[in-house]
Amino acid sequence: IIGLVEVDMGSYRTNFVNQVEVIANRLKHHHHSTNKYGKHFFACSFPILRKQANAVLTKKMIPDKNFHFFPVGFKKLIIEVIYEGIRFFLVHLSINKKIRQIQLSYLAELAKGKGPVIVAGDFNTFSGEKELEELQKKLGIYNSNHEKKPTFPAWKPRTQLDFILCSQEIKIRKFRIPHVKFSDHLPLLID
């Protein structure tokens, strides 16, 4: 499973190349993506923003996928896929702390349920991981980045804004943060 946050689906910024399709095709993966602001949000009237998306790529075709939208905030998209019995959520939360707290409460209610869960993405937790305590408690999930290594900014990481949070029954064999500068955030990898 690959989660991509703030990927371009073909604006003039990428010379009208849909990055989601290019990456998925090269990896021979299926992709599940849509605009991250919601269909009826004013941001979609701007050329770059209407093509800005989040995406989940999977090796196998996923019949169980949903696009949910936060009730508040500028970045609204929540992608949910069920892959081999694991519910996977990809998010990009608000930079505004009050809105982010509402989004986290909404996400906790949405992700509650049976079976293991992984919640990943850019959480924008500028106040630290303590912002995620309630979400972690409600869902019984833990931070796969045990050493709390920073992920932002990519050129000189100082802050952990990106997380892969996993249910207790999911055992992480290996966690990595490759030092590549494809973005302003470093990527997270787990096995």
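Arg100 forms a salt bridge with Glu131, and the closest N and O atoms of the two are 2.7 Å apart; a salt bridge here is a side-chain nitrogen of Lys or Arg within 4 Å of a carboxyl oxygen of Asp or Glu. Because Arg100 lies in helix 2 and Glu131 in the loop between strand 7 and helix 3 (133-139), the pair ties together parts that are 31 residues apart in sequence. Arg100 counts as buried at 1% relative accessibility, and Glu131 counts as buried at 7%, where buried means under 20% relative accessible area, exposed over 50%, and partly exposed in between (1.4 Å probe, protein chains only).

The coordinates are those of a predicted model, in which local features need pLDDT of at least 70 and side-chain atom pairs count only at pLDDT 80 or more, whereas totals for chains, interfaces and linings use all residues. Residues are numbered from 1 along each chain as its sequence is written, and side-chain values use heavy atoms, with hydrogens and water left out.

**Salt bridges**

The structure holds 10 salt bridges, among them the Arg100 and Glu131 pair and the two described next. In general, side chains of opposite charge can pair when their charged atoms come close. Glu6 forms a salt bridge with Lys36; since Glu6 lies in strand 1 and Lys36 in the loop between strand 2 and strand 3, this pair ties together parts that are 30 residues apart in sequence. Glu6 is partly exposed, with a relative accessible area of 36%, while Lys36 is buried, with a relative accessible area of 1%.

Glu84 forms a salt bridge with Lys60, and as Glu84 lies in the loop between strand 5 and strand 6 and Lys60 in the loop between strand 3 and strand 4, the pair ties together parts that are 24 residues apart in sequence. Glu84 counts as exposed at 58% relative accessibility, and Lys60 is partly exposed, with a relative accessible area of 46%.

| Salt bridge | Closest N and O atoms |
|---|---|
| Arg100 and Glu131 | 2.7 Å |
| Glu6 and Lys36 | 3.4 Å |
| Glu84 and Lys60 | 2.5 Å |

An open sheet of 6 strands has the order 4-5-6-7-9-8, and its pairing is mixed. The helices (H or I, at least four residues) and strands (E, at least two) are DSSP runs numbered from the N terminus, and two strands pair if DSSP finds at least two bridges between them. Strand 4 (65-69) and strand 8 (141-143) stand at the edges with a single partner strand each, so one side of each is left without a neighbour in the sheet. Neighbouring strands of this sheet are turned by 20° against each other on average, direction ignored.

Within the sheet, strand 5 (residues 77-83) and strand 6 (residues 86-92) pair in the antiparallel sense over 6 bridges, and Ile79 stands opposite Leu90 in strand 6. Helix 2 (residues 97-111), which carries Arg100, packs on the sheet and touches strand 4, strand 5, strand 6 and strand 7 (117-122), and its direction makes about 165° with that of strand 6. Contact means heavy atoms within 4.5 Å, and axes are lines fitted to C-alpha atoms, for helices over the stretch in contact, with angles running from 0 to 180 degrees between N-to-C directions.

An open sheet of 3 strands has the order 1-3-2, with antiparallel pairing. Strand 1 (2-8) and strand 2 (30-35) stand at the edges, each with a single partner strand, so one side of each is left without a neighbour in the sheet. The twist averages 20° from one strand to the next. Strand 1 and strand 3 (residues 52-58) pair in the antiparallel sense over 5 bridges, and the bridge partner of Leu4 in strand 3 is Ala55. Helix 1 (residues 19-27) lies across strand 1, strand 2 and strand 3, and runs at about 145° to strand 1.

**The loop between strand 8 and strand 9**

Trp155 has its place in the loop between strand 8 and strand 9, and Lys156 lies in the loop between strand 8 and strand 9 (162-167) as well. Trp155 counts as exposed at 57% relative accessibility, and Lys156 counts as exposed at 55%. Not counting residues up to four places away in sequence, Trp155 touches Lys181 and Asp184. The C-alpha atoms of Lys156 and Leu186, 30 residues apart along the chain, are separated by 9.9 Å, while those of Trp155 and Ala55, 100 residues apart along the chain, are separated by 24 Å.
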